[in-house]
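Q: Please guide me through reading this structure, beginning with the surroundings of individual residues.

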Amino acid sequence: MDFKRFVSIHKFWMISLVLGVIITTSHFVEGVLYSEYDAYGIPGNAYISWIGGSFFYSQSYWFYFVLPLLVSVSVGLDYGILKKRNYFFQYKVRMTKKRYMLLQGAKVFSLGFLVITIPLAWNFILTMMERPLLYPDPLVAIGPLSDEIGATLYYSHPMIYTMLYICFDGIFAGAVAFITVALCAIIENYFLATMLPFVICYILYTIGGLFEDSYFTLNRLLMPVYGAKSVIEYLVAASVVVFSMVAWIGLGLKEEL
Amino acid sequence: MKIEVQNISKIINKNVILDDISVDFISGKIYGIKGRNGSGKTVFLKSLCGLTRLTAGQILMDGKRLGKDMDFPESVGFLIEYPGFPGGLNAFDNLKVLASIKQRISDDEIQSAISRVGLEQDAKKKYRQYSLGMKQKLGIAAAIMEKPELLLLDEPMNGLDDDAVMKFKKILQEEKERGALIIIVSHDLEELEMLSDELYQMKEGRLEKK
């Protein structure tokens, strides 16, 4: 499929991607390009200055806060509109159920994964061009604390840690995309179905905010600089991924096929 | 091609949509199914496509059981409910996306399907700019472009003007001569009597020959 056809079928995915890139680019302009020092007065370092490196600038906060919304809008509205038009019937009868399921699954996951990882990677690349790739200093204490999972990797191989964390965010986004599509398949009002994942995340965010460290809020878990405090957080994230697959296969596809 | 529908039923939320239907269809014929809104016509067409799960019964296509030996009919074109395509693509691009799944037909054959339904003059317009009749024409083009053995059409003349109706009737005859098995569903008895070789009536989920 050429680019024109892709854009036409995935209009809202493109809009979400552009929004994500705008947020991360504006972070780069304000927080990196026009700021010689970081907010704590520390000389620039790519691993700290990029959007996943801290909450120094509002764009960091907003990007991770609206991440579930960017993902659900990017897949939910396009999917909902085409489902309402019975367009997927045309696809299904031209292949087997198994092939349809694999293609649809791969597509939904990839769209969710890419709509988040592209803006993050874009911001990191821009920051790398402006700031040195110095190894993070554990004494400065901006980064995962020693008791946090991945802290050793962050200080010994920060590039690998950062890449892995961007992928982790992408996988989480893929899971949110699965949940969105499953909801769109079973809820008639696709706009409502698209908004639901964000509403759920917002409720979790609010509940998480009631606790002192609010480690369980997505904003914190998904930010590379903070990492996870305990294995439980990764287990919670993994269970979200597994649940999304089950929801998509059990509810979404069952309804569709 | 032979389709054997054997005692199929479909119940949704305790409502009987299809009630113990048994009927045979063979290639080279046009079958008309008349029924008022909500009589189960569309669900019946969807079940022939494999797009809905049956509560009871089975459908055999050349001896193969639909939903067990095959997920969907091997060669089917359909227009069910209203045709829907991505709004930002023109007629050719929309058909090209679908044709690229099976990769059985060339670009010339896609163009030919567009011409047959009389959409060639509007082929460059985007789908969102189409009138109801033009959307219907594109739906018909999508159904016939791959020369399917089974052609299922739900209210195919909705929104078509007189000229388009004439073209559609010509297409039906050509498809019939080619050997396709055609099933048309409509609430308009006069229209069906004119087009069909055999006529059926769908009433409260039951199919009766007229």
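Q: Is B:Gln103 buried or exposed?

A: A residue is buried if 20 or more other C-beta atoms lie within 10 Å of its own, exposed if 12 or fewer, and partly exposed in between, with C-beta atoms placed from the backbone. B:Gln103 counts as exposed because it has 7 C-beta neighbours inside 10 Å. This is a predicted model, in which local features need pLDDT of at least 70, side-chain atom pairs count only at pLDDT 80 or more, and totals for chains, interfaces and linings use all residues. Residues are numbered from 1 along each chain as its sequence is written, and chains are lettered from A and ligands numbered from 1 in the order in which they are written.

Q: What is the phi of B:Asp20?

A: Most residues other than glycine have a negative phi. B:Asp20, not a glycine, has a positive phi of about 50°. B:Asp20 is in strand β2 (residues 15-26) of chain B, where strands are DSSP runs of E of at least two residues and helices runs of H or I of at least four, numbered from the N terminus. B:Asp20 is partly exposed, with 14 other C-beta atoms within 10 Å. B:Gln103 also has a positive phi, near 50°, and lies in the loop between α2 and α3 (107-116) of chain B.

Q: How many residues does each chain bring to the contact?

A: Two residues are in contact if their C-beta atoms, placed from the backbone, lie within 7 Å. Chain B brings 19 residues and chain A 18 residues. On the side of chain B that touches chain A, helix α2 (residues 91-102) of chain B gives the most, six residues.
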